[in-house]
Amino acid sequence: MKKIAALLFVMLLGFGAMAQSGSGKKLPSVNIKTLNGEVVNTQTISNDGKPVMICFWALWCKPCKKELDAYNELYEEWQEETGVKIVAISIDDARSTAKVKPFVSGKDWEFEVLLDPNQEFKRALSVNMIPHTFLLDGNGNIVYQHTSYYEGLEDEMFELVKKVANGEDISNH
Amino acid sequence: MKKLFIVLLFLSAISTSNAQFSELIKKSEVHGSFETDGMYYHADNDMGITDSLIAGRNLAFNGYAEIIYTLGGFSAGVRYEAYLPPIAGFDNRLDGQGMPYMWASYATEKFSFTVGNFYEQFGNGLVLRTYQEWTLGYDNSLNGVRVKYQPVKGIILKGVYGTQRFFWEKYSNNNRGIVKGFDTEISFNDLFKSMESSKLRLSIGGSFVSKYQVDNDPLFKLPRDVGTGAARFNVGIGKFNFSSEYAHKINDPSAINGYIYKPGDAFIFNASFSTKGLGILAVFKRIDNFSYKSDRGETANALDINFLPPISEAHTYMLASMYPYATQPNGEIGFQVQVNYKIPRKSKLGGKYGMDISFNFSQINDIVRNPAGDTTAINVPGTLGYTSNFFEFSDHTFMRDIQIHLHKKFSRKFHATAEYLNQTFDIASIQGHVGEPVIHNHIGILDMTYKFTSRKSLRWEIQGLFTEQDKRNWVAGLLEYTISPHWFITASDQWNYGNEESDMRLHYYTIAGGYSIKTTRFSVSYGRQREGVVCVGGVCRQVPASSGFYVTISSSF
């Protein structure tokens with residue numbers, strides 16, 4: 001009986017999830033840190049009316065690093081065309097927070113990287129697996145999210161970024 | 001069960017919005033996530049897993065579902081968890097289901113107030129860190145009250161009070177301690193206008209934590225209140241950054257330290273240099289008798305008040321993760337040096353796309369323990385235990401890890417990673433395999449990806465682990481085909497061809513496939529899981545050998 005109840009509960013949530021995925025929500029308010037240790041409130045993340053991508057990653061996550069490498073390579077091109085801004089959120093814990101800055105420098109990533117060491121921002125956005133990427137429109141609404149990275153996802157992402165930059169509705173994606 | 005219905009009612013009340021609430025609902029936001037991991041075990045006689053060992057317990061299931069509701073400054077959340085029964089390798093005390101995580105909080109610009117379960121970290125976590133790690137089955141959330149206050153920009157004060165989660169066991173009369181804590185952090189660049197755009201970035205912090213647990217021990221007179229304090233700083237000057245934290249704990253005899261009365265110390269120092277294309281990091285760390293749990297009798301991964309970050313690398317390739325390091329709370333001293341460099345694009349070595357090189361060296365030894373008195377031996381229960389010089393390394397190496405990592409993109413279609421590791425691993429101390437010799441190994445890894453089209457690509461790995469100790473030599477291979485953004489299929493095998501016992505030269509094969517859409521991910525795998533250890537942040541869980549089907553569904557919204 002308990003098992004059935006548990007399964008039903010979980011399935012119910014599942015359907016809720018499918019129906020609600022990426023539906024114009026905004027970023028929650030959480031204080032996280034820059035690589036220099038300064039406090040940033042996540043609601044201040046914005047981009048002058050242009051799209052923003054929020055990418056959750058960690059040093060121990062290979063696909064995350066691949067994803068960010070791929071974005072970094074195309075970032076200049078993407079910015080020229082759409083003005084998109086990428087903010088990468090490292091969820092590395094105290095073990096590795098000091099490693100993130102030298103790692104990012106060593107990678108020569110061009111985008112902003114923020115630290116969420118006790119995963120408060122991650123929890124507030126209900127991220128359960130990484131990589132997990134959010135796409136925000138110019139008004140700060142979450143219009144799309146995606147988890148996991150496969151080679152080539154960057155092309156799909158850019159198609160969406162272009163649509164969002166042009167003010168198109170991508171809720172069918 | 002009642003609680004479940006209340007939540008379901010609450011949910012349906014939200015979804016079937018009537019006119020009165022429609023305005024409210026427009027302003028409110030709901031986030032949520034869930035994951036279910038199901039396992040079907042079957043007998044595998046080659047691996048020593050017989051039907052009588054499984055004894056009808058073929059199915060195992062871990063699942064959770066979480067909802068967070070926000071309306072302006074108000075938010076509340078609840079998580080349901082079920083382990084029916086837990087998947088092999090998770091603590092059996094998780095068996096059961098219920099709502100171990102419920103909270104509500106109200107926040108204004110300067111002030112935040114939380115009631116219920118919460119996760120918090122002071123500084124690096126040396127004196128307090130509560131967190132949840134699903135893959136370990138770990139959750140040490142505090143259940144009580146938390147206040148955060150920011151009197152002016154640049155100063156953050158935090159206070160916490162509560163008891164920790166212990167599987168499904170409710171807090172009652174002294175079955176575990178009560179935790180109180182206070183933390184303050186001052187960022188000078190935010191506090192003083194004159195430093196706003198200074199090249200010098202300076203912040204300092206301090207914390208104090210105390211646990212209260214009445215002494216019921218028949219043998220020893222134990223401290224009822226155990227206090228710990230910590231101080232930290234972070235200084236950035238141009239391309240350099242220095243950060244450090246020191247923590248001290250008064251005597252805290254426990255099952256982990258063998259009921260000795262020595263005070264504890266923990267110290268971390270990080271120095272880094274970062275510039276375009278180059279990052280260098282050096283870390284020094286020392287832990288001396290610093291396990292801090294809210295029940296002094298607990299020895300497993302539970303009820304930790306603090307967190308002791310390991311300074312070893314977290315390896316993820318199959319064979320590289322064979323010997324993962326776990327923090328030694330009773331004492332360790334070590335250092336780490338890491339260099340990350342990008343050979344620039346359009347240079348001779350870098351080629352069109354550049355090349356990443358990284359190097360890591362970590363070494364962790366035991367601390368030196370000297371007798372605390374002329375007549376007492378080291379670590380005798382009820383005594384001071386030992387004395388130790390702060391900066392002295394003992395000859396006993398727990399772990400040494402040398403890693404060289406190269407990554408190069410050769411063309412739009414092809415990129416590759418090569419890695420070499422050399423490890424020394426004291427399996428007797430770290431995993432409690434008493435009497436087994438220290439392992440010295442060499443590991444080589446090649447990971448290559450070929451893109452057929454912009455969506456379809458094939459990735460393959462070849463790995464080898466060579467050692468004269470433990471289970472001797474291994475080779476492994478993996479093939480993975482992905483169709484972005486939805487599909488993956490993969491097959492892998494780890495072969496213990498060098499095992500001394502010829503009937504233990506097993507293949508640990510796995511085939512898996514999965515589909516993901518937006519934030520929902522579904523995957524199925526079939527195969528053999530070798531006996532091993534899964535570690536996240538230096539906290540590890542033993543995974544027994546198993547064979548069977550594994551299904552995962554996860555989603556968030």
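Start with helix H3 of chain A, residues 97-107, in this predicted model. Of its 11 residues, 11 are buried, so the helix is largely enclosed by the rest of the structure. Buried here means that 20 or more other C-beta atoms lie within 10 Å of a residue's own. Step just past the end of H3(A) and you land on A:Asp108, which takes a positive phi of about 60°.

Now look at where the two chains meet. Chain B puts 75 residues into the contact, and chain A puts in 54. On the chain B side, the largest share comes from strand E1 (residues 29-41), with 7 residues.

Chain B itself is split into three pieces: domain 1 covers 1-105, domain 2 covers 108-309 and domain 3 covers 312-557. Take domains 1 and 2 of chain B, whose C-alpha centres sit 28 Å apart. Where they touch, domain 1 of chain B supplies 15 residues and domain 2 of chain B supplies 16. Strand E4 of chain B (residues 96-107) gives the largest share of the domain 1 side, at 8 residues. Sort that domain 1 side by residue type and you get 8 nonpolar, 4 polar and 3 charged.

Note on methods: Residues are numbered from 1 along each chain as its sequence is written. Chains are lettered from A and ligands numbered from 1 in the order in which they are written. This is a predicted model: local features need pLDDT of at least 70, side-chain atom pairs count only at pLDDT 80 or more; totals for chains, interfaces and linings use all residues. Domain bounds come from an automatic or database domain assignment. Two residues are in contact if their C-beta atoms, placed from the backbone, lie within 7 Å. Helices (H or I, at least four residues) and strands (E, at least two) are DSSP runs, numbered from the N terminus. Ala, Val, Leu, Ile, Met, Phe, Trp, Tyr, Cys and Pro count as nonpolar, Asp, Glu, Lys and Arg as charged, and the others, Gly among them, as polar. A residue is buried if 20 or more other C-beta atoms lie within 10 Å of its own, exposed if 12 or fewer, and partly exposed in between; C-beta atoms are placed from the backbone.
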